[in-house]
Amino acid sequence: MSKFSKKKSGELPAVSTASLPDIVFMLLFFFMTVTVMKDSSLKVMNNLPSASEVKKLEKKDRVIYIFVGKPTPEYTKVFGTEPKIQLNDKFAKPSEVGDFILMERAKKSQDLQNVLTTALKVDRDANMGLISDIKQELRKVNALKVNYTTSTGDAFANLQ
Amino acid sequence: MSRRGKAPEVDSGSMADIAFLLLIFFLVTTTIETDAGLDRMLPPIEPPETDVIIKQKNIFQVNINKNGQLLADDDLIDIKDLREKAMAFLDNNGDGSCSFCKGKRNSDSSDNPTKAIISLKNDRETKYGTYITVQNELVGAYNDLRDREAQRLFGRAFTDMEAEYLNPETDADMKDELKEKVKRIQGLFPQKLSEAETSSN
């Protein structure tokens, strides 16, 4: 008889938290594997224009980034407010773009060198003159595949 | 000696706290973003060996000035009307050789979609945002026409098929099937967008 009465007595057992670390570790490993650390910090304003007919840029290892825009407030004293090109971590002149592309291309493995895309991350207030110079440089080094990186949205929002 | 038993176990109660700390760090630093944008091919720098003579009526001239105003085929137009105008030009079918076109067959406009060329010219002072909007509308005009044909032939939007074709997760069999369809539609309306060098004044 005591067998039965024993069961009913006492409070509800507490939920075991022994497996909590395991769950947290699982999440931790997920985020550790998907994290991509930023390798260059932006020194230019980068308010991308929006467009609706976009294509996704797959495979990050095949992309070379070029940033263009006005220097951020902390750099305006030294570099002024005219839009500038940022390659990796430093400001550059349009004439340096070609060398940069060739250098980046040499870093990639042989089979990727012919399928590289240049992603132009350009601030919406930049002038086309600078972009044309970059395009001319890209043509010189035969990096013809470009992607004008935009955010997805209504294209007419750029006009304001 | 009473102390000679087992070594005391390390308390693992704080393990969860440590793991949480790391978890929160990675949560904060993670950016799961895929960039998207307009894909374009630049023209090679060497000029083609043979000079191709293109009839004036097969060129749709789009000019953007420094104030963001748009000149399309010598008319000052609003950017909102550009897509429609470009579509009318591409779909015109002037010589009647295009069986699927629904254009007006205007003799002053393009002969057929494979001959039609859109030429984009901009000023050095043009804002990048405006340029992207124009690019977007021109690519949109092609996409709309391609969608129409894809819908007619395969019952599915072209942009949809292309996105699936380019997605690395799509399996190989599906890709081969899609490749054929995508190539066929691209052949119907080949994207001929030429960009002249910018003018400085």
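Trainee: What share of the 160 residues of chain A count as buried?
Mentor: In this predicted model, 28% of them do.

Trainee: OK, and how many helices and strands does chain A have?
Mentor: Chain A has 5 helices and 7 strands. Going along the sequence, they come in the order α-α-β-β-β-α-β-β-α-β-α-β.

Trainee: Let's zoom in on some helices. At what angle do α4 and α5 of chain A pack?
Mentor: About 45°, with the axes 8 Å apart. Here α4(A) is residues 97-107 and α5(A) is residues 128-140. That angle makes α4(A) oblique to α5(A). The crossing is right-handed.

Trainee: Which residues meet there?
Mentor: From α4(A) you have Val97(A), Gly98(A) and Ile101(A), and they meet Ile134(A), Glu137(A), Leu138(A) and Lys140(A) of α5(A). By class, that contact has 4 nonpolar, 1 polar and 2 charged residues.

Trainee: Switching to the contact between the chains: how many residues does each one put in?
Mentor: Chain B puts in 48 residues and chain A 47.

Trainee: Which element of chain B gives the most?
Mentor: α3(B), with 12 residues on the side that touches chain A. The elements giving two or more residues to that side are α1 (15-29), β1 (36-41) and α3 (128-154) of chain B. Sorted by class, chain B's side has 22 nonpolar, 16 polar and 10 charged residues.

Trainee: So what about α3(B) inside its own chain, how does α2(B) pack with it?
Mentor: Helix α2(B), residues 82-90, packs with α3(B) at about 45°, and the axes are 9 Å apart. That makes α2(B) oblique to α3(B), and their crossing is right-handed.

Trainee: Which residues of α2(B) meet α3(B)?
Mentor: Leu82(B), Arg83(B), Ala86(B), Met87(B) and Leu90(B). Their partners in α3(B) include Val134(B), Leu138(B), Ala141(B) and Leu145(B). The contact of α2(B) with α3(B) divides into 8 nonpolar, 1 polar and 3 charged residues.

Terms used: Residues numbered from 1 in each chain as written. Chains lettered and ligands numbered in written order. Predicted model: local features only at pLDDT ≥ 70, side-chain atom pairs only at ≥ 80, totals over all residues. Axes fitted to C-alpha atoms, helices over the stretch in contact; angles between N-to-C directions. Helix = DSSP H or I, 4+ residues; strand = E, 2+ residues; numbered from the N terminus. Parallel < 35°, antiparallel > 145°, perpendicular 65-115°, else oblique. Left-handed = near helix turned anticlockwise from the far one by under 90°. Contact = placed C-beta atoms within 7 Å. Nonpolar A, V, L, I, M, F, W, Y, C, P; charged D, E, K, R; others polar. Buried ≥ 20, exposed ≤ 12 C-beta atoms within 10 Å, placed from the backbone.
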